[in-house]
Amino acid sequence: MKVFKGKTLSQVFQENWIALIPYIMFILLTVTMAVINSNTLSMRWLANKSDATFTLVLVAIGQTFVLLTGGFDLSVGGIICVTNCLTAAYMGQTTGGIILWSVISLLVGIAIGTFNGYMIHKTKIQPFIVTLATQSICAGVALLILKIDGGNVSSDYIKAFLFRIGDIPVSMILIVVLILLWLFIKRTNFGLAVYAIGSNEKAAHLNGINVMKTKVIVYAISGFFAAFSGLFRTAQVASGSPTAGLTFVMTSISAAVIGGTALTGGKGGVVGSIIGAFVIKSIADVLVFLEVSSYWSSLVQGVLLIIAVAASAFGTLKKVGASA
Amino acid sequence: MNTFIKKVWSKHTTVIVTYLVAAFLLLFVSIMKPGYTDINNIKVLSIFAAILGFTVLGQTMVILTGGMDLSIPWMFTLSSFLMASMSNGNNAALIYTIPVVLIVGILMGVFNGVGIAYVGIAPVIMTMATNIIYQGLLVGISGGMPGGAAPQFIKNVATGTVGGISILFLFWLFVSVVALILINRTPFGRKLYAVGNNEKAALFSGINVKMIKVSAYAICGFMSALAGMLYAGRLGQLYLGMGDEYQMESIAAVAIGGVSLIGGRGSYAGAMAGVFILIILNGVLSAMNIPQSIQKIIYGVVLFLAVLISSNKINRKKQK
C-alpha cells in the first residue's frame, strides 16, 4: 500500500482521522435510527432513503468538482429551479416530449455552467459573484416559467426515475455507477488537473495544465449535475417549483464539506460528498423521529455547516502547524 | 479652479460617473413616465432608499475588509420581529426595545465576525450558514408564527416628513455623513482599507486584523437591525422573508458604486450612488409593471456588469 510508505498505521490514522468523520457519523446516525425505529435497515428503507437523498447527492457531486478547483457554485440552486420548472411545465404526456425536455434541461444546465466557468476564468471575477449573478438570473427565469408550484408531470416520467429492479431503486444503481465513474476520472489527466488547480493554480498553469479548459469543464459538470437533480426532483415531487432548488446551494456545500472536501480546494472527493449528503439527510430524519419541530431544521442545517467547516479548518491548521 | 475640478474628477471619477448615471436614469424615467417624479412617489422612493441604504452601509464596511455578508436578510427580519413582539405597538416599550434590538443586531454581527476572523471560516460560507441560523432562531422560537406590531413612533419615523422630505431619508443621510467621516477621516477607516488591501501587510504593520473584521461585521449587524426595525414602521404587516431582497440588493449597490468586491478599494459615497441607481431602477421596473421574475434577471445582469466594469478598471490600473 502506497499510503503506508514510511509511516506506521497510527501515523496514517492521526493524519487522516478527519477524513473518517463522515463515515463514522453516517454509521452512528444509522445505528441511532435503527434503535429509535425498528423498521429501519430493511432493503425497502434503504431504497426510500436512497431516492430521498439522490437529488442532494447529485448536486453535491457537481459542487465537489467545483470546490476541488478552489471555486464555488452558488448557481446550482437556480439551475435546479429552472430545470424543475422546465420539465414540469412543458414536457407533457408523450415520450418524445419527455425525452426532448429532459435533454433540453440537461443542455441548459451545461450551458449555464459553461458560462460560469468561462466568465470566472476570463474576467477573474470571484466565482462567488459570477454564480450569485447567474443564480439570480436563473431564479428569475424559473419564476417566468412557473409563477407558483405546479405543472403537469407524466406518470411514465415518474416511473422511469423511481423504477425499482426488485428492491433496488434506479437511484442506488446510479450512485454506484457514479462512484465507479469518479474513481476512474480521478486517475485521468482531467482528474489530476482538477486537484492541481485547486492546490495551486499558478503552478498548475506553469506545468502545462490548461486551466481555462479544466475550469469550464468543472463548472459545466456542476451545471449538468444540478440540472439532473432538477429532473429527478420533478419525478420525485411530481411538480415544478420556482423556489425549491434554492436550499440546495447550502446543503450541497455542506455535504461536500462534511465529506471532507476543503473549501480552499485541492483536497477531498466525490465519495465523501455522497456520504456527506446521506449524513445531512439522516440528521434530518433523526430530528423528525425525535419530534423536533421542523421550524428548527434550518437552524440545525446552519450549525452543521459551521461545525463541519470549522472542523475542516481546524484540521488544515493542525497540518500546517505540524509541517512548519 | 480648473485644475481643482480636474483633480477632483481624476480622483473620484467612478463616484461622479455613478451619480451621473443615477441622475440620468431619473431624468430618463421622468420623461418616459410623467408623474414618476411626483412628490409622493419621490417620498416613497426615498424611504426605500434609506432602508436599503442602511444595509448597504453595513455591507460596504464588510466588503472593504475583503469580506461579504449574506446574513443581512435574516438579521433584518429577526430584528424587525423582535422589535414588534417586544414593544407590541406600545410606544413606551421602545425605551428598552430599541437598545435591546440594536444590541442583538451587534451580537449577530459579532458572531459572524468571530467565525470568520478567529475560526477562519470563509465569509460567504459563514454568513450563508448564519443567515439560516438566524432564520431558524426566529421561526423556531416563535413556532413559525411571530407576531407583534410596530408602535406609532416607529411608524412616524418611517413614514413622516420634515419640510416635505422623508424623516427616514434625512436620518440615513445623517448616519451616512457620520459613516463617511468614520471611513475616510479616522484611523479605523484606514484600517478597514488596509485589511482589505493586504491582510498580511496590515497584520505586520501592527493592525489588529481580527478585531477590525469583527467590528465591520458588528456594524453590519447593527445596521441590518436598524434597517429591519425601521422597515417594520413602513410595512403594515410584517412577514417572514421581508428581508430576502436585501441580500442581493446590498451587494449589487456596493458593486454598482465601484467598491471592489475583493476589498480595499472604493468608497461609501459610491455605494450611496449605487443605492440611488438601484432604487430608481426598482421604481422604473414596478412602474412599468415588470414582474418580479424579470427584476431578478435584471439584478443578476446588473450585478455582473457592475463587477465586470470595476474589475476591468482595476486590471487596467495595475497594468499602468
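Which way, left-handed or right-handed, does helix 11 of chain A pass helix 12 of chain A? Keep that in mind for the second stop.

**Before starting**

This is a predicted model, in which local features need pLDDT of at least 70 and side-chain atom pairs count only at pLDDT 80 or more, while totals for chains, interfaces and linings use all residues. Residues are numbered from 1 along each chain as its sequence is written, and chains are lettered from A and ligands numbered from 1 in the order in which they are written.

**Stop 1: helices 2 and 7 of chain A**

Select residues 43-68 of chain A, which form helix 2, and residues 170-187, which form helix 7. Helices here are DSSP runs of H or I with at least four residues, strands are runs of E with at least two, and both are numbered from the N terminus. The two axes come within 8 Å and cross at roughly 40 degrees. Axes are lines fitted to C-alpha atoms, for helices over the stretch in contact, and angles run from 0 to 180 degrees between N-to-C directions. Helix 2 of chain A and helix 7 of chain A are therefore oblique to each other. For this term, angles under 35 degrees count as roughly parallel, over 145 as roughly antiparallel, 65 to 115 as roughly perpendicular and the rest as oblique.

The crossing of these two helices is left-handed. That word applies if the near helix is turned anticlockwise from the far one by less than a right angle; if clockwise, the crossing is right-handed.

Now show the residues that meet. Helix 2 of chain A brings residues including A:Ala47, A:Phe54 and A:Ile61, and helix 7 of chain A brings A:Ser171, A:Met172, A:Ile175 and A:Leu178. Two residues are in contact if their C-beta atoms, placed from the backbone, lie within 7 Å. By class, this contact has 7 nonpolar, 2 polar and 1 charged residues. Ala, Val, Leu, Ile, Met, Phe, Trp, Tyr, Cys and Pro count as nonpolar, Asp, Glu, Lys and Arg as charged, and the others, Gly among them, as polar.

**Stop 2: helices 11 and 12 of chain A**

Select residues 248-258 and 270-289 of chain A. Helix 11 of chain A passes helix 12 of chain A in a right-handed crossing. Their axes are 7 Å apart, and the packing angle is about 115 degrees. On helix 11 of chain A, look for A:Thr251, A:Ser254, A:Ala255, A:Ala256 and A:Ile258; they meet A:Ser273, A:Gly276, A:Ala277, A:Val279 and A:Ile280 in helix 12 of chain A. This contact divides into 6 nonpolar, 4 polar and no charged residues.

**Stop 3**

Select A:Ile80, in helix 3 (residues 76-90) of chain A. Is A:Ile80 buried or exposed? A:Ile80 is buried, with 34 other C-beta atoms within 10 Å. A residue is buried if 20 or more other C-beta atoms lie within 10 Å of its own, exposed if 12 or fewer, and partly exposed in between, with C-beta atoms placed from the backbone. A:Ala226 is 146 residues from A:Ile80 along the chain, yet their C-alpha atoms are separated by 5.5 Å. Leaving aside neighbours within four places in sequence, the contacts of A:Ile80 include A:Val59, A:Ala226 and A:Phe248.

Then select A:Lys124, in the loop between helix 4 (95-123) and helix 5 (127-145) of chain A. A:Lys124 is exposed, with 12 other C-beta atoms within 10 Å. A:Lys124 has a positive phi of about 60 degrees although it is not a glycine.

**Stop 4: chain B**

Select helix 4 (residues 72-87) and helix 12 (residues 245-256) of chain B, which pack at an angle of about 125 degrees with their axes 7 Å apart. That makes helix 4 of chain B oblique to helix 12 of chain B. The contact joins B:Ile72, B:Pro73 and B:Phe76 of helix 4 to B:Tyr246, B:Gln247 and B:Ser250 of helix 12.

Move on to B:Asn88, in the loop between helix 4 and helix 5 (94-117) of chain B. B:Asn88 is not a glycine, but has a positive phi of about 45 degrees.

**Stop 5: where the chains touch**

Show both chains. The contact takes 36 residues from chain B and 34 residues from chain A. Helix 6 (123-141) and helix 14 (292-319) of chain B each supply at least two residues of the side of chain B that touches chain A. That side has 23 nonpolar, 12 polar and 1 charged residues.
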